[in-house]
Amino acid sequence: QLGLQETGRLVAPLAGAGLFALAGGGAVAGADAATFAVAAFMTAQLRLRPREPGTREASHWRADLLAGFAHIKQTPALRRVLVAGAGVMALSALVVAAQYSLVEAVGQRPAFLGVFSAGLGGGSIVASLVSSRVLRRTGEEWLAIFGMVNFAAGTALRATGMLVPALIGTVVLGFALPWVFLAVLNLAQRLTPLSLQGRVSAAVLLAMFGPQAPLQALGSLAIHYGSRSEEHTSEL
């Protein structure tokens with residue numbers, strides 16, 4: 001499943017960059033909106049098998065979420081990996097905010113972002129294909145560590161502002177988040193009783209992806225005001 005997802009990440013940026021160059025941003029936005037409509041329609045077609053009468057338990061989403069976090073808190077190995085993984089995912093939001101600055105730094109047009117996205121997707125595809133083998137040999141904690149090392153190395157290469165190191169760093173960075181995410185998810189499934197799987201999964205996903213949107217906004221604001229400060233300094 002992750003491999004299919006990352007394949008989409010490889011193909012879509014190239015197609016989007018081409019469409020942007022040919023028809024402009026409006027066409028890209030329209031095509032993107034259409035993909036969401038298709039995904040929503042297909043999801044609506046899913047039919048779940050109803051439970052047996054009398055087996056449904058009354059619950060509230062808040063209580064379920066708290067139960068998931070309580071299990072994570074009481075499971076030290078899962079708690080450690082989740083905290084580290086959530087930290088990496090949060091930092092990745094700042095990297096996303098800086099992607100257009102990266103394209104500018106290497107002297108390319110905005111459409112070149114599709115090449116970086118394709119490199120990121122390519123690394124993620126390879127990571128998803130070899131992750132099960134690495135996981136069997138090393139375990140979840142080491143898989144997460146490998147992902148964090150790739151995140152640091154890939155980000156450092158992209159920060160050079162040179163095209164070739166930035167491209168290599170992008171591919172290396174593609175290994176980071178899939179390995180971290182798979183390590184956390186696999187460990188959560190292995191250390192969680194069947195009765196708590198859904199609640200723990202919800203808590204894990206919230207911790208991993210919840211901070212991304214506000215941190216992307218924060219990163220964008222930091223870049224905006226940082227560039228304005230540099231312009232003001234140069235004028236003086």
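Show the surface of the protein chain first. Its accessible area is about 14,500 Å², computed by the Shrake-Rupley method with a 1.4 Å probe, where for residues only the protein chains shown count as cover. Carbon and sulfur atoms hold 66% of that surface. This is a predicted model, in which local features need pLDDT of at least 70, side-chain atom pairs count only at pLDDT 80 or more, and totals for chains, interfaces and linings use all residues. Residues are numbered from 1 along each chain as its sequence is written, and side-chain values use heavy atoms, with hydrogens and water left out.

**Colour by confidence**

The protein chain averages 84, and 85% of the residues score at least 70. Select helix H1 (residues 2-23): confidence is lowest there, at a mean of 66. Now select H7, where confidence is highest, at 94.

**Switch to cartoon**

The protein chain has 10 helices and 0 strands. These are DSSP runs numbered from the N terminus: helices are H or I with at least four residues, strands are E with at least two. Along the sequence the pattern reads α-α-α-α-α-α-α-α-α-α. Contact means heavy atoms within 4.5 Å. Among contacts between residues at least 6 apart in sequence, 77% join residues at least 24 apart.

**Go inside**

Of the 236 residues, 31% count as buried. Buried means under 20% relative accessible area, exposed over 50%, and partly exposed in between, with a 1.4 Å probe and protein chains only. Next, look for nonpolar cores: sets of buried Ala, Val, Leu, Ile, Met, Phe, Trp, Tyr and Cys residues joined through side-chain atoms within 4.5 Å. The largest has 31 residues. Select Ile 72, Leu 82, Val 200, Val 204 and Met 208, the residues with the most contacts inside this core. Helices H3 (61-73), H4 (76-97), H6 (113-138), H7, H8 (163-190) and H9 each give two or more residues to this core. The largest share, 10 residues, comes from H8.

Zoom in on Val 204. Leaving aside neighbours within four places in sequence, Val 204 is in contact with Ile 72, Leu 82, Val 184 and Ala 188. Another core, of 7 residues, lies apart from the largest one; among its members are Val 103, Phe 112, Leu 113 and Ala 166.

**Walk along H7**

Helix H7 covers residues 140-158. Select Asn 150 in this helix. Asn 150 is buried because its relative accessible area is 16%. Not counting residues up to four places away in sequence, Asn 150 touches Val 172, Leu 173, Phe 175, Ala 176 and Trp 179.

Move to Arg 158, also in H7. At 12% relative accessibility, Arg 158 counts as buried. With residues up to four places away again left out, Arg 158 touches Val 95, Leu 102, Pro 165, Ala 166, Gly 169, Thr 170 and Leu 173.

Now select Val 149, another residue of H7. Val 149 has a relative accessible area of 49%, so this residue is partly exposed.

**Last stop: a loop**

Select Gly 210, in the loop between helix H9 (197-209) and helix H10 (212-235). Gly 210 counts as partly exposed, at 37% relative accessibility.

Notes: pLDDT is the predictor's confidence in each residue, from 0 to 100.
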